[in-house]
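Here is a friendly walk through this chain, from its overall layout down to a few single residues. Have the structure open as you read.

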Amino acid sequence: VNAWVRITEAARNFKSNEKGVTAVEYAIVIAGVAAIVAVIFNKDTGPVARMLRNIFSTIESTVTANIS
């Protein structure tokens, strides 16, 4: 009987404990953010890399045209 009470109390405590669930949720959010950052800041094909290439290309063209 004493073992049964301990088992049921442990199960009840486990069910009401949300610390593990919160950690899993944070891990999922972090993984999603990491994936988004990897796509955005990809050094070859990401939108930020394309934007910077276009800006520096425009600057280079402008400087070259004004020097010549």
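## Confidence in the model

Among the elements of the chain, helix 1 (residues 2-16) has the lowest mean pLDDT, 77, while helix 3 has the highest, 91. Please keep in mind that this is a predicted model. Averaged over the chain, the pLDDT is 82, and 85% of the residues score at least 70.

## Overall layout

The chain holds 3 helices and 0 strands. Following the sequence, you will read the pattern α-α-α.

Now for the surface. The chain has 68 residues, of which 3% count as buried. It exposes about 6,100 Å², and carbon and sulfur atoms supply 69% of that area.

## A nonpolar patch and F56

Which residues make the nonpolar surface patch of about 680 Å²? They are M51, L52, I55, F56, I59, V63 and I67.

One of these patch residues, F56, is found in helix 3, which covers residues 47-67. Its relative accessible area is 54%. Exposed means over 50%, so F56 counts as exposed.

Next, let us turn to helix 2. This helix covers residues 19-40, and I40 has its place there. Why does I40 count as partly exposed? Its relative accessibility is 31%, and partly exposed lies between the buried limit of under 20% and the exposed limit of over 50%, so I40 belongs to that class.

What does I40 touch, leaving aside its neighbours within four places in sequence? I40 is in contact with G46, P47 and V48.

Methods:
Residues are numbered from 1 along each chain as its sequence is written. This is a predicted model: local features need pLDDT of at least 70, side-chain atom pairs count only at pLDDT 80 or more; totals for chains, interfaces and linings use all residues. Side-chain values use heavy atoms; hydrogens and water are left out. Helices (H or I, at least four residues) and strands (E, at least two) are DSSP runs, numbered from the N terminus. Buried means under 20% relative accessible area, exposed over 50%, partly exposed in between (1.4 Å probe, protein chains only). Contact means heavy atoms within 4.5 Å. Patches are made of residues with over 30% relative accessible area and no salt bridge: like charges are joined within 9 Å, nonpolar side chains (Val, Leu, Ile, Met, Phe, Trp, Tyr) within 5 Å. Accessible areas come from the Shrake-Rupley method with a 1.4 Å probe; for residues, only the protein chains shown count as cover. A salt bridge is a side-chain nitrogen of Lys or Arg within 4 Å of a carboxyl oxygen of Asp or Glu. pLDDT is the predictor's confidence in each residue, from 0 to 100.
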